[in-house]
Amino acid sequence: MARSSPVQEPVTQAPYRPGGRHRVARVWENSPRRLVPQVLVLTVRILRRWSRDPATLVQSLVMPAGFLIALDIVFGDVIKQVSGQSGLYGQVPLVALVGGMTGAIIGAISVMREREVGLLARFWVVPMHRAGGLLSRMLAEAIRIVVITLVVMGVGMALGFRFHQGVLAAIAWAFMPALFGVALSAAVLTLALFSSSTLVPQATDIVVAVLMFFSIGFVPLDQYPDWLQPFVEHQPVSYTIKAMRGLSLDGPIAEPVLFTVLWSVGIFAVCAVPLAIGYRRASRRG
Amino acid sequence: MTGSLQATRSAVPAAARPRVNPIQQWWVLTVRMIIPTLRNGELATQIIGSMVFTVGYYLPLKEMMGQVQPLSSYAQYLTPLIILQAIWFAAVSAAFRAATDSVQGINRRFRAMPIPAIMPLASRLTASMYRCCIALVVSVGCGHVIGFRFHGSVLHILGFAGLVLLIGATLAVIGDLIGIASQNPEATAPMMLVPQLTLGLASVGLQPVDRFPDWIQGFVRNQPLSQWVYALQALAGDTTDAAPKVTWAVMTPSLIWAIGAGALAVVLHRIVSRRRR
């Protein structure tokens, strides 16, 4: 840009510059200085698409609210009877997590559609940072899950949910579902890049159902049969709920947070290489 | 005038309209929907999904809810709801297929071909009934494992299966309608799951109606899922006398919900697909 000649040249003819140096950008396309603004632009693109899609809005805002109210009506009294504390401190995190995890389907299917229509291939041939596409997806997922968490928190507040551990704990609380939710989104996206379109929603629903039904947010741990309790106690959704209960009501914080982080990092570690390969393959199709 | 018309006619290659056999068309289009489910894992996920939902409701809730329900075992009480959830999932994939077909333009292609207008819908519904049958068989099998038994006569068992398939057909039409109307495959699953989860939780399928707060009992008792659960519990019977009886008073509301919702969905479906033309 800065090298343009002061002499006015005809538009039809490219200016002569020896050695083709005019084509060399000052900042290399894979430099981190390119990455940050590009990721922001792409993230805003995804978020803007979601905010204009009624289905995504219903899934993100209406469904969690209705689900939380239904859970509270059905199980509220019973859980209070058997555990002595309000079920909301497990249900609010559970609903936020379920909303975040089912929403991963929307992201995965839209990546598949962008592959079909050739948008990913188009991104591949412009001077863009190679990590930009994937990172913006993950960032958009994180923002979506935080928004869902805040919506669910609002509904929970109306039903009687309160923070007892202060402002800092409340802020940390709002980001806990995103921690595991983004890792699961990466896993769903990996599945989407390597399978047929009909399989992804159903398989994700099954995984979400398993994680939801067999978690301490659905009913208290001692309600499960003995042989199932180890799974219920150590699966990631239970750890996240335990950490969020510690951050809102009371209970241990450090240990469940640590295990949530370990689960998320583990899922990322398993998915990272296939995800990068699959995304690259999808970008170079067609 | 006549001359120019003649010229146009000769310019367009003309042929006799091919003889078509609607039955064969229906069969071809149905097989087109069914064969991929065997290959792409859809059938497997449906079977696994039914199992997951069976144990997912049964194991955590057995202790808590088992004491407050009236029947001989919680499995006997819960299985109708599990079956309804399974056929609802079948309807979700019906909606997904309808939306995919709509987006990919194959419905427009069909309209340009000598196929009766009803045929694509009919074949999609047949494929949905195939999914419903699988859901019914798998979830009754899962129910049998946890302790669900039929105590009524053969006629009642047939009525049970018939009612489940009728509800399945209604849900399939509704799913197809949502798929056609939204034309957005991503949207279908969330839009179908909202009512599934909320109606499923707030129904008499998990716990009796008197366990709910007073202000919502009217809704819980009369909403379609609860009425279907009552009818299915009656048709399945029980060793105790606590199950609802097979009377017209129990059966009529469930039939009205199923047939009424199905008829309304068919009418809306016709309006939507006519507008698309």
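This is a predicted model: local features need pLDDT of at least 70, side-chain atom pairs count only at pLDDT 80 or more; totals for chains, interfaces and linings use all residues.
Biologist: How do you know what confidence chain B has?

Modeller: pLDDT is the predictor's confidence in each residue, from 0 to 100. Chain B averages 85, and 95% of the residues score at least 70. The model scores ipTM 0.75 and pTM 0.81.

Biologist: How many helices and strands has chain B?

Modeller: Eleven helices and zero strands. Both are DSSP runs, numbered from the N terminus: helices are H or I with at least four residues, strands are E with at least two. The C-alpha atoms of chain B fill a box of roughly 85 × 40 × 35 Å along the principal axes.

Biologist: Why are α6(B) and α7(B) called oblique to each other?

Modeller: Look at the angle. The axes of α6(B) (residues 119–146) and α7(B) (residues 154–182) come within 9 Å and cross at roughly 135°. Axes are lines fitted to C-alpha atoms, for helices over the stretch in contact, and angles run from 0 to 180 degrees between N-to-C directions. Under 35 degrees counts as roughly parallel, over 145 as roughly antiparallel, 65 to 115 as roughly perpendicular, and the rest as oblique. Therefore α6(B) and α7(B) are oblique.

Biologist: What is the handedness of the crossing of α6(B) and α7(B)?

Modeller: Right-handed. A crossing is right-handed if the near helix is turned clockwise from the far one by less than a right angle, and left-handed if anticlockwise.

Biologist: Which residues of α6(B) and α7(B) meet?

Modeller: Among them are Leu121(B) and Met129(B) in α6(B), and Val164(B) and Gly168(B) in α7(B). Two residues are in contact if their C-beta atoms, placed from the backbone, lie within 7 Å. The contact has eleven nonpolar, two polar and two charged residues.

Biologist: What makes a residue nonpolar, charged or polar?

Modeller: Ala, Val, Leu, Ile, Met, Phe, Trp, Tyr, Cys and Pro count as nonpolar. Asp, Glu, Lys and Arg count as charged, and the others, Gly among them, as polar.

Biologist: How many residues of chain A are in contact with chain B?

Modeller: 35 residues of chain A are in contact with 34 residues of chain B. The largest share of the chain A side, 13 residues, comes from α2(A). By class, that side has 26 nonpolar, eight polar and one charged residues.

Biologist: Where does α2(A) bend?

Modeller: At Phe75(A), by about 50°. The bend is the angle between axes fitted to the seven residues ending there and the seven starting there. Just after α2(A), Gly84(A) takes a positive phi of about 85°.

Biologist: How does α2(A) pack with α5(A)?

Modeller: Their axes are 9 Å apart, at an angle of about 40°. The crossing is right-handed. Residues that meet include Leu61(A) in α2(A) and Val151(A) in α5(A).

Biologist: Which handedness has the crossing of α6(A) and α10(A)?

Modeller: Left-handed. Helices α6(A) (residues 167–193) and α10(A) (residues 254–283) pack at about 30°, with axes 8 Å apart. Phe180(A) of α6(A) and Trp263(A) of α10(A) are among the contact residues. The contact has 18 nonpolar, four polar and no charged residues.

Key
Residues are numbered from 1 along each chain as its sequence is written. Chains are lettered from A and ligands numbered from 1 in the order in which they are written.
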